[in-house]
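Please keep the model open while you read this note. Check each point against it as you go.

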Amino acid sequence: MSSNNPNLQLATKTKILNGGPLPTVIAGPCSAESEEQMLQTARELKKDHRVSVFRAGIWKPRTRPGMFEGIGTVGLEWLNTVKQETGLLTTCEVANTSHVEESLKYGVDILWIGARTTVNPFSVQEIADALRGVDIPVMVKNPVNPDIQLWVGALERLNQAGITDLGLIHRGFSTPNNKPYRNHPKWETIKQIKELLPGVPLLCDPSHVAGRRDLLQTVSQQALRLGVDGLMIETHNNPDVAWSDASQQVTPAGLDTLLTSLDLDTEHVASPEQLQELRNLIDKLDTDLINVLFLRSDVSKRIGEYKKANKLDIFQADRWNQMVENRMRVANETGLDEGFVKAIFDAIHQHSMGVQNEIMATIAKSKAESLS
């Protein structure tokens with residue numbers, strides 16, 4: 001229930017979720033490319049009982065013109081063929097009235113509103129108006145920017161148009177530094193949206209969060225730990241030649257391996273003893289960090305004394321640039337987020353400059369006093 005509209009009633013059980021002990025899994029290619037591609041992928045996915053919905057991008061929003069913007073309406077024919085042959089439910093993204101009308105015409109079972117559309121209330125309202133009087137589940141991806149109220153507002157607009165089968169999709173956010181992800185997960189938003197809209201099904205789209213297939217397992221597991229109800233994972237019969245987002249798609253066999261690797265016991269938590277052991281380890285590591293920082297600060301002080309004695313500038317641009325390049329290389333090699341490491345060393349560098357400035361000021365003051 002929305003915090004700013006206590007009378008808003010949102011569905012707590014929808015056609016999006018099939019129920020049962022396993023999370024809902026929606027899978028299929030980023031983009032519909034051919035009928036053969038769609039059917040080959042769907043036939044393999046049908047063999048996996050964990051997959052219940054087949055997805056495909058029919059229209060693709062692109063930043064610049066001239067890029068592949070989706071196959072268009074013919075893809076809906078292929079999507080319908082998939083539905084008839086495999087029995088899988090089908091879903092695709094809609095961004096305007098025409099998309100809605102065409103999708104309904106070809107019997108798409110579930111619609112979703114993409115991140116670039118969620119960010120625009122006018123577009124969401126247009127879709128809501130086009131769906132007025134239609135009984136169909138609609139899922140809403142979070143907006144590109146981390147604005148929870150825009151996300152909530154999109155569901156409110158749909159609900160006020162009579163749509164009661166609603167779901168949420170967490171696909172990450174565009175931030176100044178998303179590394180190592182394509183879109184920053186900002187995991188805290190899962191808790192926030194669940195508190196604002198309790199009972200509304202929430203799925204995660206690890207493909208768009210990760211942007212890389214090697215990160216899909218980690219992202220999927222974390223999302224499940226945070227209580228999401230399902231996953232939407234881009235799956236292609238030959239992802240390496242996909243027309244869009246090749247690096248984040250997996251084969252049906254790869255999806256099987258991924259799903260099998262996940263711990264679906266989302267109620268599992270560490271015992272109090274295990275938690276305390278981990279906290280003790282954190283305490284030890286933090287103490288080690290402080291000791292290392294103390295030693296580093298002492299070295300910075302000695303460098304400041306050397307610079308003063310040899311009339312050198314405190315800030316040495318070449319040295320700083322070389323140091324940053326080296327630290328970022330090490331961060332990349334170890335798998336640490338470069339932005340995180342850069343922020344730490346920026347703070348360390350500022351502290352070092354402060355230490356050396358104090359030395360310069362102290363020596364200058366001593367000289368002035370000796371001359372007075």
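1. First, a caution. This is a predicted model. Read every value here as computed from that model.

2. Start with helix H1, residues 35-46. Does its length agree with its residue count, or disagree? H1 has 12 residues, and at 1.5 Å a residue they should span 16 Å. The C-alpha atoms at its ends are 16 Å apart, so the two values agree.

3. Stay with H1. Which of its residues are buried? They are Gln37, Met38, Leu39, Thr41, Ala42 and Leu45. Look at the spacing of those numbers along the helix. An α-helix has 3.6 residues a turn, so residues three or four places apart point the same way.

4. What covers the buried residues of H1? The cover includes two strands, E1 (24-28) and E2 (51-55). It also includes helix H2 (74-86) and helix H10. H10 spans residues 252-261, and it returns in the last point.

5. Now turn to a helix pair. Helix H5 covers residues 121-130, and helix H6 covers residues 148-160. They pack at an angle of about 25°, with their axes 9 Å apart. Angles under 35 degrees count as roughly parallel, so H5 is roughly parallel to H6. H5 passes H6 in a right-handed crossing.

6. Which residues make this contact? From H5 come Pro121, Val124, Gln125 and Ala128. From H6 come Leu150, Ala154, Arg157 and Leu158. By class, the contact of H5 with H6 has 6 nonpolar, 1 polar and 1 charged residues.

7. Next, look at the loop between strand E6 (166-170) and helix H7 (188-196). Pro180 lies in this loop. The peptide bond that joins Lys179 and Pro180 is cis. Its omega is about 5°.

8. Lys186 also sits in the loop between E6 and H7. Its phi is near 40°. That is a positive value in a residue other than glycine. Is Lys186 buried or partly exposed? Its relative accessible area is 22%. Buried means under 20%, so Lys186 counts as partly exposed.

9. Finally, find Asp245. It is in the loop between strand E8 (230-234) and helix H10. Asp245 has a relative accessible area of 22%, so it is partly exposed.

Notes
Residues are numbered from 1 along each chain as its sequence is written. This is a predicted model: local features need pLDDT of at least 70, side-chain atom pairs count only at pLDDT 80 or more; totals for chains, interfaces and linings use all residues. Side-chain values use heavy atoms; hydrogens and water are left out. Helices (H or I, at least four residues) and strands (E, at least two) are DSSP runs, numbered from the N terminus. Buried means under 20% relative accessible area, exposed over 50%, partly exposed in between (1.4 Å probe, protein chains only). Axes are lines fitted to C-alpha atoms, for helices over the stretch in contact, and angles run from 0 to 180 degrees between N-to-C directions. Angles under 35 degrees count as roughly parallel, over 145 as roughly antiparallel, 65 to 115 as roughly perpendicular and the rest as oblique. A crossing is left-handed if the near helix is turned anticlockwise from the far one by less than a right angle, and right-handed if clockwise. Contact means heavy atoms within 4.5 Å. Ala, Val, Leu, Ile, Met, Phe, Trp, Tyr, Cys and Pro count as nonpolar, Asp, Glu, Lys and Arg as charged, and the others, Gly among them, as polar. The expected span of a helix is 1.5 Å times one less than its number of residues.
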